[in-house]
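Let's walk through this one together, question by question.

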Amino acid sequence: MRVKGGTVTHKRRKRILKQAKGFFGSKHLLFKTAKEQVMRSKRYAYISRKDRKSDFRKLWIKRINAACRLNNISYSKFMHGLKVAKIDLNRKMLSEIAIHDEKGFAELVKIAKEAK
């Protein structure tokens with residue numbers, strides 16, 4: 001007797017087609033095209049997870065820069081002043097401070113101006 005493994009194959013194909021749910025055209029119907037699209041989609045998702053980190057960093061820098069300009073200092077001079085003053089805050093936190101606590105951010109700007 002030969003081993004056919006029909007249940008294993010069926011389960012594998014069903015899993016791929018389930019992942020391809022919502023894809024356009026034959027990409028969610030036919031196993032081969034669905035598998036190709038799922039692999040491509042996973043690759044895009046992997047790359048996008050890495051890209052998201054740089055996208056957020058860019059956003060934080062823009063927010064900090066805008067807040068700095070309101071306080072008459074450039075972003076680079078502000079960041080340098082913080083580094084000289086040994087204030088170690090990451091860009092995400094600086095961005096949150098700039099949005100929610102304008103007085104606190106103005107104090108940081110004052111410290112950065114005095115430090116340089």
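Lysine 86 sits in the loop between helix 3 and helix 4, helices being DSSP runs of H or I with at least four residues, numbered from the N terminus. This is a predicted model, where local features need pLDDT of at least 70, side-chain atom pairs count only at pLDDT 80 or more, and totals for chains, interfaces and linings use all residues. Residues are numbered from 1 along each chain as its sequence is written, and side-chain values use heavy atoms, with hydrogens and water left out.

Student: Is lysine 86 buried or exposed?

Tutor: Buried means under 20% relative accessible area, exposed over 50%, and partly exposed in between, using a 1.4 Å probe and protein chains only. Lysine 86 has 74% relative accessibility, so it counts as exposed.

Student: Which value is phi of lysine 86 near?

Tutor: Most residues other than glycine have a negative phi. Lysine 86 has a positive one, near 60 degrees.

Student: Which residues of helix 3 meet helix 5?

Tutor: Contact means heavy atoms within 4.5 Å. On the helix 5 side, the partners are Phe105, Leu108, Val109, Ala112 and Ala115. Helix 3 meets them with Phe78, Gly81, Leu82 and Val84.

Note on methods: Helices (H or I, at least four residues) and strands (E, at least two) are DSSP runs, numbered from the N terminus.
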